[in-house]
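Me: Please take a close look at one helix in this model. Then show me how the chains meet.

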Amino acid sequence: MDLRAVLTAILVVAPFCGALLCAGLGTSKTARSTVVLVTGTVLIASALLLAPLVPFRLSATAFLGMDLHRLVQAADAVLLLIILYFGFKHRHLLIIALAVIQLVLAAYLEVFLVKGPLPTERIFCDHLSLMLVLIISIVGSIICFQAIPYMENHEHHYRVMKSRQPRFFFVMLLFLGGMNGLVLFDDLTFIYFFFELTTLCSFLLIGHDRTTIATRNGLRALWMNSVGGAAFVLGMIAAYEATGSLQLQTILVAPWLSGAGMYLLGLALLSLASFVKSAQFPFQSWLLGAMVAPTPVSALLHSSTMVKVGVYLVLRLAPGFIGTLLSESVAVFGAFSFLAGAALAVGQSNGKKVLAYSTISNLGLIFACAGLNTAESMIAGMLLLAFHAVIKAMLFLSVGAIEQHIESRDIEDMRGLYAVMPLTALITVSGVIMMIMPPFGVLLSKWMAMEAAARNLFVIVMVALGSALTVIYWARWAGTLMSDPFAGRFRPERQPMLTWLALGPLCAGAGILSVLAPWLYLRMIVPVLTSPYSPAYAVRGGGLVNAYGAFAILPLSVVALLGLVVAVIALKRAFRATIVSPYLSGIQTGEPQMFRGPMNQPVKAEAKNYYLDTIFGEARLTDWVNLGGGILLTLILGGAL
Amino acid sequence: MTRTAILIACGLAAGPVLGGLVSGLDRILTARMQSRIGPPVLQPFYDVVKLLFKEPLVVNVWQAFCAYCYIAAASIALVLFFLQSDLLLIFFVQAVGAVFLVVGALSSTSPYSQIGAHRELLQMLSYEPLLVLVVVGFYLETGSFKLADITAWPQPLLLKLPFLFIVLGYALTIKLRKSPFDLSTCHHAHQELVKGLLTDYSGPFLALTEIGHWFEVVLLLGVCTLFWSTSWIGMAVLLVVTYVLEVLVDNITSRMNWRWMLSYVWGVGLTLSLVNLIWLQQG
């Protein structure tokens, strides 16, 4: 047996088996936790074992004696029928209509259009796929581990009588398998099946709590992603008409490029499906609604993996539309999303919504990178994808832990969190630091993106503005967490072991990956940079250098570490310094934040953060941003014609 | 190797020495404009040394941490400038310092610090995009972000980037904490926010923020000299004219609010930058 085939099979099939076990084992908590832990460990091990074996292509014809293609066709039909069922159950006309359209179109494609047997080399794994597999398997599994104590608390808190955790973990694991399948297969019909599977999982998980608002938001996610699904089928049809193939690697080989309108239309429709999946404007509302789901869901689906499908697909498709108007308009669209997402995040005081908008914003920047379509920008996009997945997962898990502790997700309620949950607060603040500061990976990729975008005025202006807005909402949050008169000695709070085991490795991993960015670049990204791209950066002195820019990662990390050591020593010494009350412009009463006001009465001094919602509030911006996003989407589709 | 070491030492020394001198000259010039004599030119050094030896008092221990991070980032940014590194990278490193200064102020619960910190964030929001666009202007003209290439450019960049120089002036005014943009804190006695951002920094930590500020001032004045890097006289003229104008503007305008600042600086600054960048791209 070929090890590569075995590992690929494990990566896709093991989560499905784990999922079935979770559902089948009933309410036994120990058994379910064991299944989740074992499945996660198997996934992590397989992904790591797979790493040295890429790139490869494999043919896959049969599974357990059944023809694989027929199997996927049948599964696809079943999946659409399930969606149709939910459409009827909730009497949602749009979902019904979109499911029927997809069924008809998919049947048309498979039965009437596709001539002859399809090539069987369906599995394609290069380093981009590998990067996604590693993120899904490692970060995804860690999130599932943390979900075990989280869901226990969650059900306790909501006083759920009959545990619904079997269903929850069934869908979570199913999702991991679906994601691995999506990035490992090359055949569009297979990708489409997994694409729809993630849509369904997302719907089920958002609606998990069965409250009115959860159901409503779940349905919104379902119909919007069905729009993406329909665009995906149409894109497949157009691509097949133009190239006679459904293999991505065949489609993207360039000869069709000259003036093939149908071909570009196909790519534009596939990009549209990606934008929906990645919740770009004007489709952002499903992702914001998804924040009602339990936090591990937000971490897994809505920040680190599922929304990455969109950017993954467009990064894949990018060589196909290099140098076209389509590429240019994708860049502008992405930069617009980056700016608009950042602006809307500034206006939010709800922590999870800030994370959601920040996710949309960062995904927009990755789209912009794919659209700029130079070697430098592609490198930036791929690095950002990896770093964002790890750090955002960590931030979501921290907010989840905070939320369960203080029973609020509002940033104002997190004021002085350091006094209550010092370790979680510190991890969150380090996450924030890794999002906006050099020498960490997110900023490294942003720097690369900016240097790559400098010749495109539309893009660079929007990216410059968005980048400044990004700093505001992160700095504000970090400061709020550390705000307190005096925290006393550092004593880590109590949390379930699995929570620390999730937060710790993600935090350390993000830091170490940042320092190792040059190596990550050489090992994971250079192999993907085949024609028309080239390895644009050289690694010199532990930094990345090209003809017009240089980022000395390793030296800067060393210097930053020195600075950190000095600052920590200063911190330790400050514990011995005299602690005084903040200045309140009056005689203090001895209690923090109280001063003697008129008539000798104690007055409490209070200050809240600026959220600037007259400028950046949702009520003010959403309509305009949707309009802008809509216009740019029209430009993309029109430009492809 | 020795050259690198010398450059690093120069960078580390230039911040406190030049920054302190500029600050002293600034105070004398300001005093003369207000018909006063003003303090001796070395007064800022006396002040900082005195602060450094005061008893450390903190509101929140994280303020000490943030003050050190601020000065670390500010000095690294200036050292990178002396090492002729990537200009965009230098910009990002100095932004780290600015963020830590804000986080330190937010870690106090005093409303004065809090509001000062938020105003500082709005000031950053105003000037950061402009600084990025100035850097982009350098790139469009010279084809590089590296200072080594930018300083080697044979013509004075001011001729090609006149509007971007004005834009840099806006950013400089905000960074120097000069009116009308001195919203978060400033060197003069404005009443409504006490010392704003810096209200709860005291003693040695206040001294650190002051030295950090000197590093930032020297860095930005260094960026100004890039506009005429071909001759020493040009650099000196440019610096003197710019700084005198800054002090003049500081003395003839009053503190405005953040709404005005944001709309004015983005409106004028972005328009000027775009016009200049389009020239560069077409030319």
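Reply: In H4(A), the buried residues are A:Ile95, A:Leu98, A:Ala99, A:Gln102, A:Ala106 and A:Leu109. They sit on the same side of H4(A), because they cover an arc of only 100° around the axis. The model is a predicted one. On the other side of H4(A), the exposed residues are A:Leu93, A:Val104, A:Val111 and A:Phe112. The cover over the buried residues of H4(A) includes helix H3 (68-89) and helix H8 (212-243) of chain A. H4(A) itself spans residues 93-113, 21 residues in total. From first C-alpha to last it reaches 28 Å, close to the 30 Å expected at 1.5 Å a residue.

Now the contact between chains. 58 residues of chain B are in contact with 54 residues of chain A. On chain B, strand S1 (57-58), helix H3 (61-82), helix H4 (87-106), H5 and H10 each supply at least two residues of the side that touches chain A. H5(B) gives the largest share, 17 residues. That side of chain B divides into 40 nonpolar, 13 polar and 5 charged residues.

Strand S8 (residues 578-579) of chain A and S1(B) run parallel, joined by 2 bridges. A:Thr578 stands opposite B:Leu57.

Last, H10(B). Helix H10 of chain B covers residues 258-282 and has 25 residues. Its buried residues include B:Met261, B:Val265 and B:Gly269. Among the elements covering the buried residues of H10(B) are helix H20 (457-482) of chain A and, from chain B, helix H5 (111-142) and helix H7 (162-175).

Note on methods: Residues are numbered from 1 along each chain as its sequence is written. Chains are lettered from A and ligands numbered from 1 in the order in which they are written. This is a predicted model: local features need pLDDT of at least 70, side-chain atom pairs count only at pLDDT 80 or more; totals for chains, interfaces and linings use all residues. Helices (H or I, at least four residues) and strands (E, at least two) are DSSP runs, numbered from the N terminus. The expected span of a helix is 1.5 Å times one less than its number of residues. A residue is buried if 20 or more other C-beta atoms lie within 10 Å of its own, exposed if 12 or fewer, and partly exposed in between; C-beta atoms are placed from the backbone. Two residues are in contact if their C-beta atoms, placed from the backbone, lie within 7 Å. Ala, Val, Leu, Ile, Met, Phe, Trp, Tyr, Cys and Pro count as nonpolar, Asp, Glu, Lys and Arg as charged, and the others, Gly among them, as polar. Two strands pair if DSSP finds at least two bridges between them. The arc is that of the directions from the helix axis to the C-beta atoms.
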